[in-house]
Amino acid sequence: MTYDLIVIGGGPAGYLGAERAGHAGLKTLLIEKRFIGGVCLNEGCIPSKALLYSAKIYDNARYGEKYGITVQNAVLDHEKVIERKNKVVKTLVGGVKAQLKRNNVTVVEGFGEIAGRNSEGYEVKVGNDTYTAKRLLIATGSMPIIPPIPGVREGIEKGFVLTNREILDLKTVPASLVIVGGGVIGLEMASYFNSAGSKVTIIEMLDHIAGNTDREISNILMKNYQKKGIEFKLNAKVVEVKEGSVIYESNGEKFSAEADKVLMSIGRRPVVEGIGLENIGVEIEKGHIKVDERGKTNVPEVYAAGDVNGYSMLAHTAYREAEVCVNNMIGKKDIMRYNAIPSVIYTNPEVACVGETEETAKQKGIDYEVANISMRYSGRYVAENEGGDGICKVLVDKRYRKLIGAHMIGNYASEIIYGAGIMIETEMRVEDIKEIVFPHPTVCEIIREAIFEL
Ligand code: FAD
Ligand code: NAI
């Protein structure tokens, strides 16, 4: 049977692409080897957020006294937290399956490998079966980078070195947890396991955490974490992992950190091997599939979306990229823009950013103006964040007076940031934003307050 489209990979890029294609009337086949929903639904975005929400409730109970609430004997029951997480995942995966069905997408379980091309289109093998389609959407996602550090591979086999996959299913809370990599996964997992009672140490090779996040914000986040007892070893390089300890080097000296479990979270790499890309000549650049702004690869009618193209490695980017691909397949003009994609770190407090940081603006030679205010300018933030020290920074292009970046640390930031994203996407000027009426009292008013500083 020949399809209009075969999608390889059932994560956010794959399932959404398949749904949109089915909706547009394309006869669509989705091939998924492990789990519909991909990393995001099964071992990424959703399970981590379920855990973090349980930790937040627990912390609110434990530290409720400053709000006049005393809870005695609050307990975080990790097993129940994991049980609930599994329920949340099941519900959402069920929802995605239903959506695929509703959009007439045929789903095949198994490993898809591109075999070649015939007169009808591209051939994809799944076991002994071969499927053909006029178009392909490659959405095979990414996997954790496992560094060649002595002891790491052995540790993974023995179960004391974990990736995001295993840590989200740990049966018990480890007494001590060393996290290698102070990026997004490391910080979110540190947040949960610190609340759950582990002694958490983060080892980061750079002199700061949270990657490209605005430096002032990542410093505030680090200070908040240090107050909660999380230890940071910056400028530190792990040289060996043993059962019970991690050996790292810093300033030429060797140190050891106690570790019942070790989480490796030093980044992810696109899945481009073993899927037959070479059989049709798809170009790979620096380890990811090379695509243009329409999501097209160098091979006609072969598209790629999501982590596999190496652009942003976020689920919401994957969604939009998949839509752009499908729109181009059906002859609708659409291009991918990356300048207003929000990024959020779901720690407590949350961090949310969109657009240029001061660092990137300087690199690009943009003449900018910045307003940097305390989140305490928001009445609701003060009412709900006793002792909170969050900030909101907005960057404006000096010449055009357009918003080009917004960065916040403080709760609800994750739910607010899209507003700033819209302003950047639609190229709103300071004067336009000043005319917007924000609901009061809300934390989102902070954007208005910051803009009025300019
Ligand atoms: P994936 O979700 O990786 O899906 C790819 C799918 O393809 C997989 O299901 C895989 O089994 C399948 N596959 C691969 N090869 C084949 C093959 N040959 N045949 C058949 N199937 C195949 N992003 C956010 O935006 N917000 C978050 O809060 C967030 N939290 C995260 C937390 C963690 C712990 C992790 C690890 C990631 C998180 N991410 C988050 C990133 C997000 O999960 C990814 O950006 C997103 O899943 C990418 O979607 P994708 O469809 O490209 O790939
Ligand atoms: P990351 O790129 O965010 O962070 C990796 C960190 O590890 C960096 O700070 C890097 O300097 C450090 N590092 C690299 N090699 C190291 C080494 N040998 N020793 C010590 N430190 C080292 O990658 P992470 O946390 O693995 O997450 C992968 C991706 O998943 C993210 O880039 C993001 O796209 C996605 N993600 C998104 C989330 C969100 O949106 N909230 C949550 C979790 C993951």
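**Figure 1. Packing around helix α1.** The buried residues of α1 pack against β1 (2-8), β2 (28-32), α2 (38-43), α4 (78-102), β6 (129-138) and α10 (315-329). Contact here means heavy atoms within 4.5 Å. This is a predicted model, where local features need pLDDT of at least 70, side-chain atom pairs count only at pLDDT 80 or more, and totals for chains, interfaces and linings use all residues. Residues are numbered from 1 along each chain as its sequence is written, chains are lettered from A and ligands numbered from 1 in the order in which they are written, and side-chain values use heavy atoms, with hydrogens and water left out. Helices (H or I, at least four residues) and strands (E, at least two) are DSSP runs, numbered from the N terminus.

**Figure 2. Helix α1 on its own.** Helix α1 covers residues 12-23, 12 residues in total. From its first C-alpha to its last, α1 reaches 16 Å, close to the 16 Å expected at 1.5 Å a residue. That expected span is 1.5 Å times one less than the number of residues. Because 10 of its 12 residues are buried, α1 is largely enclosed by the rest of the structure. Buried means under 20% relative accessible area, exposed over 50%, and partly exposed in between (1.4 Å probe, protein chains only). The buried residues are P12, A13, G14, Y15, L16, G17, A18, E19, A21 and G22. Just after α1, G25 takes a positive phi of about 95°.

**Figure 3. The shell around ligand 1.** Ligand 1 is surrounded by 38 residues; E32, K49, G112, D307 and A315 are the closest. A residue is near a molecule if one of its heavy atoms lies within 4 Å of it. The largest share of this shell, four residues, comes from α2. By class, the shell has 17 nonpolar, 14 polar and seven charged residues. Ala, Val, Leu, Ile, Met, Phe, Trp, Tyr, Cys and Pro count as nonpolar, Asp, Glu, Lys and Arg as charged, and the others, Gly among them, as polar.

**Figure 4. Polar contacts of ligand 1.** A polar contact with a ligand is a pair of N or O atoms within 3.5 Å. A backbone N or O atom of A13 lies 2.9 Å from an oxygen atom of ligand 1. A polar backbone atom of V39 is also 2.9 Å from an oxygen atom of ligand 1. At G112, a polar backbone atom is 2.8 Å from a nitrogen atom of ligand 1. The protein covers 94% of the 990 Å² of accessible area that ligand 1 has on its own. Accessible areas come from the Shrake-Rupley method with a 1.4 Å probe.

**Figure 5. Ligand 2 and its neighbours.** Ligand 2 has 21 residues around it; E188, E204, G267, M313 and V344 are the closest. Helix α7 (residues 184-196) gives the most to this shell, with three residues. A polar side-chain atom of E188 lies 2.8 Å from a nitrogen atom of ligand 2. A polar backbone atom of M313 is 2.5 Å from an oxygen atom of ligand 2. The protein covers 79% of the 840 Å² of accessible area that ligand 2 has on its own.

**Figure 6. Residue I446.** I446 is found in helix α15 (residues 445-451). I446 counts as buried because its relative accessibility is 0%. Not counting residues up to four places away in sequence, I446 touches I373, S374, M375, Y377, S378, C392 and M408.

Definitions and conventions
A polar contact is a pair of N or O atoms within 3.5 Å; within protein, one must be able to donate a hydrogen and the other to accept it, and residues adjacent in sequence count only if both atoms are side-chain atoms.
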